[in-house]
Each structure stands twice: as structure tokens, then as C-alpha cells.
Amino acid sequence: MKYKLINHQLILVAFLSLSQGLWAQKVTVSNNLLYDATLTPNLRVGVRLAPHWSMGLTAGYRPWPTDDTKTRKYRHLLVSPSLRYWKDSVDVHHFFGTNFIYSHYNVGGITFPFGLYKSVRNERREGDLYALGLFYGYSWPLGRRWNFEALIGAAVGYTKYKRFQCGHCGELLAKEHKLFAMPQAALNIVYNIPGRPAKPLPVEETVVVVPPVPEPAPIRFVPVLHAVPDFTGRAGQLQEDNPVLAHISAYKPYDRTRILRKEKGALYVHFELGKSMLHADFRENQPTLDRIVSITRQILADTTSSVKKIQIVGLASIEGSIAGNEQLAQNRALALQRYLQQQVSVPDAMFDTVGGGEAWAEFRDQLNDAVASQSQQAAALREAISIIDSESDLDQRERKLHQLDKGRTWQYLKEHILKDQRNSGYIRIYYDYVPDKAAATINEASELLGKGQYAEALQMLNTVRTDERCQNALGVALWQTGQKEETLRCFRRAAAQGNADAAENLRQLENATKE
């Protein structure tokens with residue numbers, strides 16, 4: 001069989017040429033995945049005519065099998081121009097449309113789904129088809145350049161054809177024609193090509209005197225003055241008032257050179273002298289423990305953040321035997337871990353629990369601060385610092401401190417400094433959170449708005465349009481692409497959330513409307 005049809009390639013070239021002169025901000029190229037399933041290469045080219053209107057041309061061509069002796073065949077050429085009305089905008093959401101369908105076909109030995117076209121199961125039909133259809137569809141943005149469309153509809157038409165016996169598709173049985181109805185469906189993957197502003201049409205040189213009309217002052221919208229910050233989950237919100245929380249990137253294992261008392265935000269619980277039993281009612285332990293438990297529970301219940309590690313460092317003062325203090329510091333750290341696990345279900349692997357032993361680094365730093373504060377004991381404290389720096393044997397070091405100034409310096413140290421070392425020491429909670437891709441998208445789209453790339457910005461913002469943080473930028477993009485109905489609603493929504501940029505844009509728009 002030879003086709004005597006119009007050249008569909010010429011149609012596509014002509015259609016693309018036409019699109020260059022249109023107002024449209026973009027051209028779309030799409031492929032119907034359902035049509036692909038029939039092994040038919042197909043392509044649709046669409047172009048926007050106005051904010052709510054677009055037109056397109058679909059072509060599908062399956063030339064095989066080329067051997068006419070084959071019983072099964074689904075050879076055809078289809079050309080279908082269409083017109084769409086977009087309820088929201090051409091970029092996304094609902095659309096309704098109508099299309100004209102022409103097809104030349106040579107079909108036989110095919111079983112169509114849902115019991116359609118039973119007559120071609122046992123014979124071959126060759127002819128032409130003309131139909132007019134209506135359809136409804138919906139478009140989802142997949143990214144900056146891509147959309148996914150689904151549509152469904154129906155068409156009615158007229159066909160004239162020849163019927164052939166299907167053994168080897170040879171004997172002509174009859175020539176017929178009839179009216180018909182058929183369903184339409186498509187699942188389209190769409191690529192968006194940004195267009196260029198239309199060139200003005202040439203006009204005859206005619207001098208017309210028009211009285212000047214004052215132009216309204218242009219509206220200078222503020223896209224986004226301040227970048228949208230990442231949403232770091234419930235953990236990030238809690239961190240603002242609870243510096244005991246830190247992101248997991250700030251975690252570092254404990255070593256005895258660290259001065260924990262200078263690390264802001266860590267919490268401490270206290271133990272009785274020489275004891276490792278944790279009492280909630282000792283000193284300020286109860287509110288501290290309640291706070292740690294509450295923070296941990298809230299993060300564990302959050303789906304956007306998670307507790308990654310709880311670091312506990314048990315400490316003991318320099319008083320007493322080294323071995324005894326090592327064990328005491330370890331037991332204090334474990335006591336705090338066990339208390340938390342009794343209150344909140346946290347596995348052992350989540351804890352970094354260590355015994356810091358005698359807190360010599362902490363002790364020396366406290367002496368140095370006391371000297372800097374011009375304490376009356378400054379001279380004696382400098383001598384104590386000198387002993388710490390020069391004597392490496394810890395037992396000898398403590399003995400020399402006892403003997404300093406006939407014991408008077410040691411008594412001062414016990415009363416004013418060592419009492420604060422008798423605690424479990426340090427606890428900090430490290431968290432992580434789900435990356436906030438929406439914030440990055442909004443900020444990138446806002447940069448495009450600043451460059452005047454409004455259609456591209458709108459395409460990106462449509463992927464996150466349910467996010468409250470994008471409403472101001474979305475309003476600017478909608479206005480600049482001619483979709484003014486939604487603009488006011490977006491600005492009001494953003495302003496109600498306390499967005500100062502949106503409040504300024506809303507003020508300008510309302511003033512311009514009054515004028």
C-alpha cells in the first residue's frame with residue numbers, strides 16, 4: 001500500500017514558523033506515552049496564544065509492517081490540530097479542548113482493548129477517518145522545563161474504507177462508510193521551550209494625531225528582598241531557644257583538652273560529692289532534665305528532623321584518687337544516659353557517653369579566669385597554674401596544690417572553684433533535618449524574577465506553589481505573565497503571614513487599582 005497523503009513534516013514546519021509571530025511566552029513539545037505503547041512514533045507541538053488559550057498539532061505515523069502479505073497490521077498516519085482553554089494558566093492545571101482528527105489507516109488482525117473495533121480482528125480495513133472531539137485534561141509541573149499531562153475525551157466522526165479478506169489481505173469484500181464515536185486518552189510528557197516576545201506587525205505609514213493620555217505610574221514590585229531560609233524541621237525551631245541543640249555537622253568527639261564550660265549552650269546536671277546516683281531534686285537538676293526530655297521527644301516525633309547523637313561527658317573534680325575519679329566520672333555519665341532512656345525510647349547507639357575523669361583542663365581555665373578578674377588570690381592562683389603546667393604526675397600535682405601557702409590556697413580552691421566540678425558535666429543533642437528543596441527553588445525563582453525571566457520563574461514556582469513562603473514571588477510572576485486574577489490573592493496570603501515584601505506589593509497594587 002502507498003500513502004497519498006499530505007506531508008506531515010511540512011505541517012510541523014509550517015506550524016513552528018507560525019509560532020514565531022505569536023504573543024506566546026513558550027512553545028511546548030510533547031509525546032503521548034499511551035500512543036507510544038502501540039509502537040507509533042508521535043509528537044505534539046503546542047504554542048500559547050493568550051494567557052488562557054493555546055493551540056497545538058499532533059502527528060503520529062506508523063509505517064510498518066511494510067509487507068502487505070502480513071496478516072496483522074496497524075499502519076496509519078494521524079494528524080490532529082487542537083485548541084485548548086486553560087482554566088488557571090497555560091503552564092499548569094485544568095484545561096478543556098477540542099480537536100479535529102484525520103487519519104489514513106490500514107488495519108487488520110488487531111484485537112483492541114475493552115472490546116473496541118471488533119470488526120478488524122478477522123479482516124483488514126483500509127480507508128480515511130475524519131472526526132471532531134472534545135476533551136478535558138490536567139497538567140502537573142515536574143520541574144523548570146517539564147510537565148506531565150493526562151487527558152480524556154471522546155470524538156464523533158465519519159469514515160470511508162475498503163474491507164478485505166484477512167487471510168493474506170487480498171480479496172476485496174466491500175466498500176463502505178459510516179458514522180462512529182470513539183474515546184480519546186493521552187498521558188503526555190511535555191518539554192517547555194521559552195518563547196520570545198512577538199515582533200510588531202508592519203503597518204502602513206499613516207499619520208494619526210492622538211491626544212496624549214497620561215500613563216499610570218508603573219508598579220515596581222518587590223520580588224524577594226530577603227532570601228527564604230531553609231526549614232530545618234522542629235529541631236531547627238527548637239534550637240532558637242535551646243542552644244543545647246546543634247546540627248550534626250558541629251559534632252566532635254570529646255577529648256580532655258576541651259574546655260566544656262566555655263562551649264555555649266550545653267546543659268549540666270549535678271551530683272552529690274563523691275556520688276554517682278542522679279537525683280532529680282538536687283540543685284537545679286529537675287528543670288534541666290525536664291528540658292532535655294522534652295526536646296528529645298519533640299524531635300523524635302517530627303518527620304522533618306531527627307536526633308542523630310546525644311553526647312554526655314561525665315566529669316569529676318581533681319580531689320581524691322585518680323582511679324576513683326575516673327570510675328566516678330564514667331558512672332555519672334552512664335547514670336544520666338539511663339535516666340534519659342527511662343523517659344524516652346532512645347537506643348544505646350544514639351549516645352556518645354564518655355567519662356572525662358578529673359577535669360584538669362576545666363580547672364586550669366577556671367584559675368586563669370580568676371586571675372584575669374584581679375582576685376585577691378591572684379598571686380597564689382598564678383602559682384597554682386605554674387604547678388599544673390610544670391608537674392605532669394597528677395598525684396604529685398594535687399599534693400603540691402595541697403601544700404601551697406600552707407594549705408590556705410587549697411582551702412580557697414575548694415570553696416570557690418572545685419564545687420562546680422562535682423557534676424556529670426556536659427550534655428548536648430545533635431540533630432539533622434530533611435533538606436529544604438522548596439526554599440532553594442523559591443530563591444532561584446526570585447533571582448529569575450529580578451532578571452525579568454518571568455515565565456521561567458513561574459514554571460519553577462508552580463512546583464512549590466502550596467508553600468506559604470513562595471506566595472509573594474508567585475504573585476509577582478503571575479502579574480508579569482498577565483495572570484492578574486490570582487496576583488492579589490497571593491499577595492494578601494503572603495502579607496497575612498507577615499511578609500513585608502508582599503505587604504509593599506499589595507499596597508502598590510491596591511493603589512494602582514484605585515487610580
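Let's start with L245, which stands opposite I429 in β12. This is a predicted model, where local features need pLDDT of at least 70 and side-chain atom pairs count only at pLDDT 80 or more, while totals for chains, interfaces and linings use all residues. Residues are numbered from 1 along each chain as its sequence is written, and side-chain values use heavy atoms, leaving out hydrogens and water.

Strand β12 covers residues 426-433, and three bridges join β9 to this strand, the two running parallel. When I say strand or helix, I mean DSSP runs, E of at least two residues for strands and H or I of at least four for helices, numbered from the N terminus. Two strands pair if DSSP finds at least two bridges between them.

Now the whole sheet. Four strands make an open sheet, ordered β9-β12-β10-β11, with mixed pairing. β9 and β11 (351-358) stand at the edges with a single partner strand each, so one side of each has no neighbour in the sheet. From one strand to the next, the twist averages 25°. Helix α5, residues 322-343, packs on this sheet and touches β10 (305-316), β11 and β12, and its direction makes about 155° with that of β11. Contact here is heavy atoms within 4.5 Å; axes are lines fitted to C-alpha atoms, for helices over the stretch in contact, and angles run from 0 to 180 degrees between N-to-C directions.

On to charges, friends. How many salt bridges does a search of the whole structure find? It finds 21, each being a side-chain nitrogen of Lys or Arg within 4 Å of a carboxyl oxygen of Asp or Glu.

One of them joins D369 and K262, at 3.4 Å from N to O. D369 lies in helix α6 (residues 360-372) and K262 in the loop between β9 (245-247) and α4 (285-300), so this pair ties together parts that are 107 residues apart in sequence. D369 is partly exposed at 29% relative accessibility, and K262 is partly exposed at 46%. For these words, buried is under 20% relative accessible area, exposed is over 50%, and partly exposed is in between, with a 1.4 Å probe and protein chains only.

E263 and R258 also meet in a salt bridge, 2.9 Å from N to O. Is R258 buried or exposed? R258 is buried, at 8%, while E263 is partly exposed at 21%. Elsewhere, E123, R125, R163 and E176 are linked in a salt-bridge network.

Last stop: helix α11, residues 454-461, is mostly covered, with six of its eight residues buried. Among them are L458 and M460.
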